[in-house]
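The sequence and structure come first.

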Amino acid sequence: MSISQWVVASAVSRWGDDPWARGSWSLIGRGGTPRHRTDLGTPIGSRLRIAGEATHATRAAMTHGAYEEGVSAGAWAAGQGHARVAVIGAGIAGLAAARTLTDRGVWTRVLEARDRIGGRTAPAQVGGFGFDLGANWLQQFHDNILARLAERLELPMVPTDFTDPLVLGTPYALPDGLEEDLRARLAAASEQAGIAEVLDGWLADPGRWTADDIRRFVDAEIVMDSGAPLSWLSARHGFEPGVGEGDRWIVGGYRLLVDHLAESLDIHLNRPVHHIRTGPDGVALDDDLRVDAVIVTAPVGVLAGDAITFDPPLPATHRTALQRLGMGRVEKVILRCDRRFWPVHPAGYYRVHGPGENCVSEWLDATAADGTPTLVGLFAGPWLDDLWTGPDEQVAARAAAVFAEAAGGDPAR
Ligand SMILES: Cc1cc2nc3c(=O)[nH]c(=O)nc-3n(C[C@H](O)[C@H](O)[C@H](O)COP(=O)(O)OP(=O)(O)OC[C@H]3O[C@@H](n4cnc5c(N)ncnc54)[C@H](O)[C@@H]3O)c2cc1C
């Protein structure tokens, strides 16, 4: 398959296969509650603490939640009176922790497995301009500490109105009251129930809605926002707040913020940590670095696997938290195009349902970045298994075809 003729450059993410992420962002599975997030972030003695987006009880899965948790962990380690602290991971949480420690005069070293900083804010240079294959928006913009930093740095930002996407293809408008009905049903479910269970009951007796209305809403709001199987996702706590509160994206990408946070920190790249041994005298990392304390910001997908072993093992509360939390998979594609053949919509955002059931994608019109017609597509759901296989060019071509079909046909044909 060759890439569509109207696409001049492209990039695709691979979060599902990424060994240092193992998914896109953390979610609460059946039997889990926000309490498991707090449990995971509770210090283990005075020398070890896990921090990151997953440990924030109310702002999980977002960069500003990661930042706040990093600051809190850094302040905790400094408050313990430690002189030498290691931070594992140079994502937003790790950088925030290291910045906080360094500002307080604590010797701090950041150890990062990848050959770059930023973690799940992943810069991509596509067609000569910087975009994001990871985090894109500053969410909850008006109450977001990173948004205030972006304003101070005078970074150019563009708003997106998620409440009013243009639905391409089959027209669809969310019926009044459907979201409230769904939220009430989820809130009334048992702690052990998954979203699929609630949905099955609802579809069997849809009341005043059509089954199609319900499915489309769930695809757009829950599948797209989580990227996790609905049978796994907690009915009570799996549909967390975040998107749609005045969100803005940074022209030039998150890299502009990340580089600022990383300035003058002691960061060692290509330095995965495999083993953490904590004792009364300090912490040994892979037996070649000794420090007084360590802050671990690896994502829950990594912590739940065997990439890092802890000696002694993590306490039961933390292990339970890792079992109740998990990662979803949302993938992105960036398409730089030779023309803007799609309708211009003030919200700057498009949704595509189909080609089949449970197939949903959302698209940001990022043309404002530098004037070149640009689409940033987000894909989630079971169809990723077929869509996201083979070389990047093939994946981008399939994604482009989904958008073009919905927008009225491939302009090159
Ligand atoms: C596709 C996508 C879209 C998103 N969109 C948004 C958005 O629009 N807005 C938003 O606010 N958030 C968004 N997010 C979520 C956001 O990116 C994350 O919540 C946030 O970046 C997490 O930061 P963190 O520091 O907790 O973790 P990470 O960024 O994952 O940082 C952890 C770091 O630890 C490193 N690491 C892991 N294991 C080891 C090890 N053993 N040794 C050393 N280093 C290790 C990793 O390489 C990584 O650099 C998105 C994420 C994805 C994937």
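1. The model is predicted, so local features need pLDDT of at least 70 and side-chain atom pairs count only at pLDDT 80 or more, whereas totals for chains, interfaces and linings use all residues. Residues are numbered from 1 along each chain as its sequence is written, and side-chain values use heavy atoms, with hydrogens and water left out.

2. Strand E13 (residues 275-279) pairs with E14 in the antiparallel sense over four bridges; strands are DSSP runs (E, at least two residues), numbered from the N terminus, and two strands pair if DSSP finds at least two bridges between them. Two residues lie between E13 and E14 in their hairpin, and threonine 278 stands opposite valine 283 in E14.

3. E14 is also joined to strand E15 (residues 289-291), antiparallel, by three bridges. Alanine 284 has arginine 290 in E15 as its bridge partner. This hairpin has three residues between the strands, and aspartate 286 takes a positive phi near 50° there.

4. Strand E14 (residues 282-285) is covered on both faces: Gly282 and Ala284 on one side, and Val283 and Leu285 on the other, are all buried (under 20% relative accessible area, 1.4 Å probe, protein chains only).

5. An open sheet of five strands, paired in parallel, has the order E3-E16-E4-E5-E12. Its edge strands, E3 (48-50) and E12 (267-268), each pair on one side only. E3 runs parallel to strand E16 (residues 293-296), with three bridges joining them; arginine 49 stands opposite isoleucine 295 in E16.

Technical notes: Buried < 20%, exposed > 50% of the residue type's maximum accessible area, 1.4 Å probe, protein only.
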